[in-house]
Amino acid sequence: MARSALQRLLGTRRQTREVVAALLARQSSVVAIVDLQEQVLLGEPPAVDGMRHPVAHGGSLQGHVIGGESAAAVAGLLTLMLEREEEKKALAGEVLEKYRELNLLYDLADKLATAFGLEAISELILTEARRLSTAAEGALVLYAESGQLQIVTAFGQVFSAGDCLGECDDGLITLIQNGQPEVINQLSRDPRFHHRPRLGAVVCAPIRTSKRVTGALLIGQREPAGYTAADQKLLTILAAQAAPAIENALFYAQLERYNRTLEQKVEERTAELAEANREAREALAAAEAANEAKSAFLASMSHEIRTPMNAIIGMTSLLQSTNLNARQFEFTEIVRSSSDALLTLINDILDFSKIEAGRLELEMQPFDLRDCVEGALDLVATRAAEKHLDLVYVVDGRDGASNQPEEPGAERRRYQRILPPPAIVGDVTRLRQVLVNLLNNAVKFTERGEVVLAVTENRPPADLPGVDGAERHLLHFVVKDTGIGIPAERMDRLFKPFSQVDSSTTRRYGGTGLGLIISRRLVELMGGELWVESEMGRGSAFHFTVLATAAESPVHDFIHNPVPWLAGKRLLVIAGNAVNRRMLTLQAQSWGMLAMNTGNGDEALTWLRRGQHFHAMVVDSQLPWGDSLTLIRALRNLHGADALPVLLMVPMGQMPPLLENAGTTIDSIINKPIKPSQLYEALQALFTDRPVRDDHPRPGRNLFDARMAQRLPLRILLVEDNANNQKLALLVLERLGYQADLAANGLEALLALRRQPYDVVLMDVQMPEMDGLEATRRVRQERPGNRDPYIIAMTANAMSSDRDDCLLAGMDDYLSKPIRVEQLVAALWRAGGEVAMEAEAPPPPVAERSMAGVREAPVLDAQALRTLEEMVGGKEYLHQLIDTFLEEAPRLLKNLRRALEQDDPDGFRLAAHSLKSNCADYGATHLSDLCKRMEAMGRERHIQSAAALLDAAEAAYPGVSSALMAVRQSVSS
Amino acid sequence: MNRKILIVDDDAHIRALIEITLESLEDEGVVLLTADNGTEALEIIHAERPDLVFLDAMMPEPDGFAVCRQVKQVEECRDIVMVMLTAKGQAFDRHRATAVGVDRYLTKPFDPDRLLAVAREVLQAGPGEVE
């Protein structure tokens, strides 16, 4: 039962009770304080009824104070105390209310901290609202993007989550828009609610940020109710808490949406990229295929392009040899140089496209290294001479042109500089191509000074594998010039196709822009690298390496071996160019000569004054300090009585007019760039009185020697299907004095050969009906008229396989189109040599030969013997050689016999070949001829029919050997 | 026997607030006692043996922990439910509380409803049944 305020005051509140009790104790007149039920709250129960003073509070009677005078005062005091108590309670109530709120906020904050997501937060808030307000209906609404108020969460029956507030809720909507919290206990009476509202009573607390209203918390019920300000307060607090949390949740949701969109976009983009990639790959494949097709097309255009070029160049040459006036000649010169340039360009482009298509093959043949290098030099010598550049080449173990400093010990461990092998297996044409390219560039871009080509060999450490056991050599070529150099920033452009260093260079110096890259590719195919060192204004050095196996060395062994008739001879070398001097000195020394060199004329004079004595001197006609002839005269004066023969070094293509009327005797002229073979021959001419044997006649300016046919009569058959080329070739041959016959294809050729004999057949390879190879095979098989014509192939293909095919088919020689006149002439001479031999010794019927007959006819050609003697340097050496022959020849004859018995055509051919050359050397021409024919049979693989020849050879040999022994006797006696 | 609740806090207003919060219990015959320092609290506890003590943690010596320890050390007083009142924001030293035998704690400002609920619960549970 609830107690009255008075009861409570004096009830269990000890302090109050004690205070009042103490007061009463002092007031004897107050007897007791009683409540409404007359229960004594304090004091003694009144024995006597005294005065009763009421104690009232809050408009209601609480009790009485019974007693005398003080009772009234006490009653008044109690009243006051009750008031105070009331006030205290009111205040306390407020505080407690505050406490409630605070705790609510704390709790809510705690819960919100762990709640996640808009729905969770909304649920939390609304649940608190429901719990604290005990409302039956409620909702948390938020403005959606559409602008409508959407119910996020709700309880009760009126509101459902997901719905939006509609027209019937327009009052609520307005309320919320207002942005102020409100309690409406009777909606039906509220004029703002036009439509029939769903709720009877509502407490609305808008959820807002500082800027705008984002939604609202609503609680209420369907009937009118009695919500208080406290409820409003509560809801407002909750709404205030809700706002930032919801805001965050919304942000987060938005972020998630963005994220998802982003992810989607990324996925789309990835798919697009994959698609694009695929397309790109396809496009690339297509492009590559197209590229390949293009390259293949270009490569196969070789034949088509070269054929008309052949005609242009050839015809122009012919035209130039007719009677032309100066203007006409000038015109033809332009045509010629343009067509040369065009041919170069075409070749470059075809080469480049072949390389790019991966179709360039190297022809691996053994060749002489010096020949290749010297051939390349020849092509630039004239131009170098015109520009007054020194053109020098060194093939050396110690490389004078190297600009690599040698650290003592280190370099030597890594590199053993040794002499390169004289012959290597490789593609001579391509190597020469690279050399010519680099030399051309060097000459082109150098205005003064020198161009040096140095060839050495590096032997890097053992990780270079051998090929089939054969040792590999790493050749190192350097083309070094003192030219304009290449700026550092342009170096990378050098090896890019179609770029020269800069356009001004192109304008000044010309060029296709393909040379270097082709060279680099070729070098790479040859197993090496190409690189450049250069300094602006000082010059450039183009290096490249080539990996090759050595080949059996042919003729030029004399280059590095001591030569008996030069041993001890003293040579004076005077030249301005240091490399040149060095090269000459080293070369002379390698032959056993004693050489001294100087670049200073005075020094040479000093030597002579001091009594130095020389057997010969080599002098450069272009001395930097003065006139060479004057120096020569001065030196000769000092040399005294003994002759001092002089070899004058003269730039290629120049004939110094001074020599002809100077009165100074020049004993020999050697052209720069100096080749050891030239020097050798010149010295030989000097010391042995032997006329220099001209192995390779170099045709002079006039390519068309009309008397060639007289000197070298040949019956020539031309087999060519192309009308232009027919005409061209016939005309060329006519110019040389030959009336050649024509066949348009292989079949016609065969018919022609059956009809009459020919010495030489110029056989085009690509022909209709029957091509050149087939025709050749047939010819070799048939041997029409018992003859083996000398067949020269003419073909546009440069593939090694084609060359092999030609030789296999039985061709003797090979010319590639477009045919150069010089090449044709040289080939004819070669053919002529063989044919002439055959013509000189017509094969007599074997059976008629007798030993006596052999003895009577001169067995040995005396001239040949003399030549041999001179070459080896004297009779003593000759007899050594004869001894060797007398051992070798019988062995070779035995080999022939064995090969015949075993039916071994290759062995037969080889033995015949060797014996043939040997016999020729000693002038045993008849025996040599027999061997030649046996060799031919071996080639044809018809060696059984060579049995008669072998018999004849064996019969002839004793005569030869006795003749040689007779020579030997005369030698030793 | 009358149920007794002792309210110990050196702040007179807090004491008054708690008293007013628990007023309704007075109607049910619960006696509300108050003390404004630890020493007095111990006297009253020994004299009156209340069932429940609301004890402010932050008081001058002896503080709430000390009072609690002393009370719980006495055999007969172990059953008295000691509810510690601590300030919000202050790291409540649970270890210390457990060590001295505190039964429950509430944070100030307290939730009046909560306080009342705890009181009812304790009193209804009877001696020995409060955990």
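1. Arg570(A) is placed over the face of Phe614(A), 5.8 Å from the ring centre. A contact of this kind also occurs in chain B, where Arg96(B) lies over the face of Phe65(B) at 4.2 Å from the ring centre. The model is predicted, so these and the other values below are computed from predicted coordinates.

2. Phe477(A) belongs to strand β14 (residues 472-481) of chain A and Phe544(A) to strand β16 (residues 539-550) of chain A, so the pair ties together parts that lie 67 residues apart in sequence. Both Phe477(A) and Phe544(A) are buried.

3. Trp591(A) and Tyr680(A) make an edge-to-face pair, because their ring centres are 5.6 Å apart and their planes stand at 65°. This pair also links distant parts of the chain, 89 residues apart: Trp591(A) sits in the loop between α13 (578-590) and β18 (594-598) of chain A, and Tyr680(A) in helix α17 (residues 676-688) of chain A. Trp591(A) and Tyr680(A) are both buried.

4. On the contact between the chains: 18 residues of chain A and 20 residues of chain B take part. The area buried between chain A and chain B is about 1900 Å², and carbon and sulfur atoms give 54% of this area. There are 4 residue pairs in polar contact between chain A and chain B, counted with both residues at pLDDT 80 or more.

5. The interface of chain A and chain B has 2 salt bridges by the rule used. Lys89(A) and Glu23(B) form a salt bridge, their closest N and O atoms being 3.1 Å apart. On the side of chain A that touches chain B, the elements giving two or more residues are α2 (14-26) and α3 (69-114) of chain A. The most comes from α3(A), with 10 residues.

6. In chain B, helix α4 (residues 64-73) is mostly covered, with 7 of its 10 residues buried. The buried residues of α4(B) are Gly64(B), Phe65(B), Ala66(B), Val67(B), Cys68(B), Val71(B) and Lys72(B). The cover over these residues includes α3 (38-48), β3 (52-56), β4 (81-87) and α5 (94-100) of chain B. At the N-terminal end, α4(B) is capped by Asp63(B), which has a side-chain oxygen 3.1 Å from the backbone nitrogen of Phe65(B). Phe65(B) is also the residue whose ring face lies under Arg96(B).

7. Chain A has 29 helices and 26 strands. Of its 973 residues, 45% count as buried. Among the contacts in chain A between residues at least 6 apart in sequence, 67% join residues at least 24 apart.

8. Over all chains the salt bridges come to 40 by this rule. Arg100(A) forms a salt bridge with Glu97(A), with 3.4 Å between the closest N and O atoms; the two residues are 3 apart in helix α3 of chain A, about one helical turn. Arg100(A) is partly exposed at a relative accessible area of 30%, and Glu97(A) is partly exposed at 35%. The side chains of Glu128(A) and Arg131(A) meet in a salt bridge at 3.0 Å, N to O. Glu128(A) and Arg131(A) are also 3 residues apart, in helix α4 (residues 118-133) of chain A, and about one helical turn separates them. Glu128(A) is buried, with a relative accessible area of 4%.

9. Asp812(A) lies in the loop between α22 (800-809) and β26 (813-816) of chain A and Arg939(A) in helix α28 (residues 925-940) of chain A, so the pair ties together parts 127 residues apart in sequence. Asp812(A) counts as partly exposed at 23% relative accessibility, and Arg939(A) as partly exposed at 35%. Both residues belong to a network of salt bridges that links Arg780(A), Arg783(A), Asp788(A), Asp812(A) and Arg939(A).

Terms used
Residues numbered from 1 in each chain as written. Chains lettered and ligands numbered in written order. Predicted model: local features only at pLDDT ≥ 70, side-chain atom pairs only at ≥ 80, totals over all residues. Heavy atoms only, no water. Helix = DSSP H or I, 4+ residues; strand = E, 2+ residues; numbered from the N terminus. Buried < 20%, exposed > 50% of the residue type's maximum accessible area, 1.4 Å probe, protein only. Phe/Tyr/Trp six-rings, centres within 6.5 Å; stacked < 30°, edge-to-face > 60°. Lys NZ or Arg CZ within 6 Å of the ring centre and 35° of its normal. Contact = heavy atoms within 4.5 Å. Buried area = accessible area lost by both parts, 1.4 Å probe. Salt bridge = Lys/Arg side-chain N within 4 Å of Asp/Glu carboxyl O. Polar contact = N/O pair within 3.5 Å; in protein donor to acceptor, adjacent residues only side chain to side chain.
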